[in-house]
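Please look over the sequence and the model first.

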Amino acid sequence: MNTVKICGLKQEAMIETAIDAGADHVGFVHFPKSPRHLELARIEELAHFVGKKAFSWVVLAKPSVELLLKIAQDLPSVAGIQVHGALDADMLAQVRAVRHDLKIMRAYSVSLTGDLPTQEEMRCYDYVLFDAKPKADDKLPGGNGTRFNWEIMQGFRAPVPWFLAGGLDAENVQIAISQSGAKMVDVSSGVEAQPGVKDEKKVEAFIKAARFE
Ligand SMILES: O=C(O)c1ccccc1N[C@@H]1O[C@H](COP(=O)(O)O)[C@@H](O)[C@H]1O
């Protein structure tokens, strides 16, 4: 069964819908420019609500080390941090020293095979994720509903689990899986009625389509 992550959730009811439909991972965005932005205290509340029923991620873009450490210290219910943008080894070591069980997922923006990281680089993280490169006028580093050429992932091997993301929806996710070879998929915009507002039927349809093998 493919693994599914539903990102940009904001309310308990929609989290319940996603988990009941089979979502294994859920994500909460902390990035003020995003229509999915939540304050850290609310993210802890939602991650606590999720509990062991799914894996809870906080999604960040170019975070400071202070923000990473705050999450590691103050958000015990969160299981992982998804970072769009570079992270240096020292930052990672500081976070892991505070909470060794907190998983780190590095999100890469890709469009060509040459954008894919090396095996050695990926080994620094617990998970990696591949999303499309934002366009020049996009305000967000991810969550733009933009897809990339999934065929660049053909034959791709990673030393850690990897998610395919970027512009997925219920209609295209099976094609994306077969073209990329992904076993783990992540969606945000493609299950929304409008930016920041998830649609229950789209969430359920995506999970059903993504899990089908
Ligand atoms: O969703 C956001 O607002 C966001 C903000 C900052 C960084 C990442 C963000 N979203 C992540 O981008 C990918 C792809 O999303 P989409 O399906 O193309 O909308 C996903 O991991 C989102 O969590």
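The model is a predicted one, and the values given here are computed from it.

**Strands and crossovers**

Strand β1 covers residues 3-7, and four of its five residues are buried. Between β1 and β2 comes helix α1 (residues 12-21), and the three elements form a right-handed β-α-β unit.

The next pairing is that of β2 with β3, which run parallel and are joined by five bridges. Phe-28 is found opposite Val-58 in β3. Helix α2, residues 40-50, together with β2 and β3 makes a right-handed β-α-β unit. β3 in turn is joined to strand β4 (residues 80-84) by five bridges, and these two strands run parallel. Val-59 has its bridge partner, Gln-82, in β4. From β3 the chain passes through helix α3 (residues 65-74) to reach β4, in a β-α-β crossover that is right-handed. β3 is mostly covered, with five of its seven residues buried.

| Strand pair | Sense | Bridges |
|---|---|---|
| β2 and β3 | parallel | five |
| β3 and β4 | parallel | five |

**The nonpolar core**

The largest nonpolar core contains 55 residues, and Ile-6, Val-58, Leu-129, Leu-164 and Val-185 have the most contacts inside it. Two of these residues are described further.

Val-185 belongs to strand β8. Is Val-185 buried or exposed? Val-185 has 25 other C-beta atoms within 10 Å, so this residue is buried. Beyond its neighbours within four places in sequence, the contacts of Val-185 include Asn-2, Val-4, Phe-163, Leu-164 and Ala-210. Arg-211 is 26 residues from Val-185 in sequence, and their C-alpha atoms are 9.4 Å apart in space.

Leu-164, with neighbours within four places in sequence again left aside, is in contact with residues including Phe-130, Trp-150, Met-153 and Val-185.

**Around the ligand**

The ligand is surrounded by 27 residues, of which Cys-7, Ser-34, Gly-142, Gly-143 and Ser-189 are the closest. By type, the residues of this shell are eleven nonpolar, 13 polar and three charged. At least two residues of the shell come from each of β2 (25-29), β3 (55-61), β6 (127-132) and β8 (184-187).

**Exposed residues**

Lys-62 lies in the loop between β3 and α3. Its phi is near 40°, a positive value in a residue other than glycine. Lys-62 is exposed because 12 other C-beta atoms lie within 10 Å.

Phe-212 is located in the segment after α7 (200-211). Phe-212 has 11 C-beta neighbours inside 10 Å and therefore counts as exposed. Phe-148 is 64 residues from Phe-212 along the chain, and the C-alpha atoms of the two are separated by 22 Å.

Conventions: Residues are numbered from 1 along each chain as its sequence is written. This is a predicted model: local features need pLDDT of at least 70, side-chain atom pairs count only at pLDDT 80 or more; totals for chains, interfaces and linings use all residues. A residue is near a molecule or strand if its C-beta atom, placed from the backbone, lies within 6 Å of it. Ala, Val, Leu, Ile, Met, Phe, Trp, Tyr, Cys and Pro count as nonpolar, Asp, Glu, Lys and Arg as charged, and the others, Gly among them, as polar. A nonpolar core is a set of buried Ala, Val, Leu, Ile, Met, Phe, Trp, Tyr and Cys residues joined through C-beta atoms within 7 Å. A residue is buried if 20 or more other C-beta atoms lie within 10 Å of its own, exposed if 12 or fewer, and partly exposed in between; C-beta atoms are placed from the backbone. Two residues are in contact if their C-beta atoms, placed from the backbone, lie within 7 Å. Two strands pair if DSSP finds at least two bridges between them. A crossover is right-handed if, with the strands pointing away from the viewer, the path from the first strand over the helix to the second runs clockwise.
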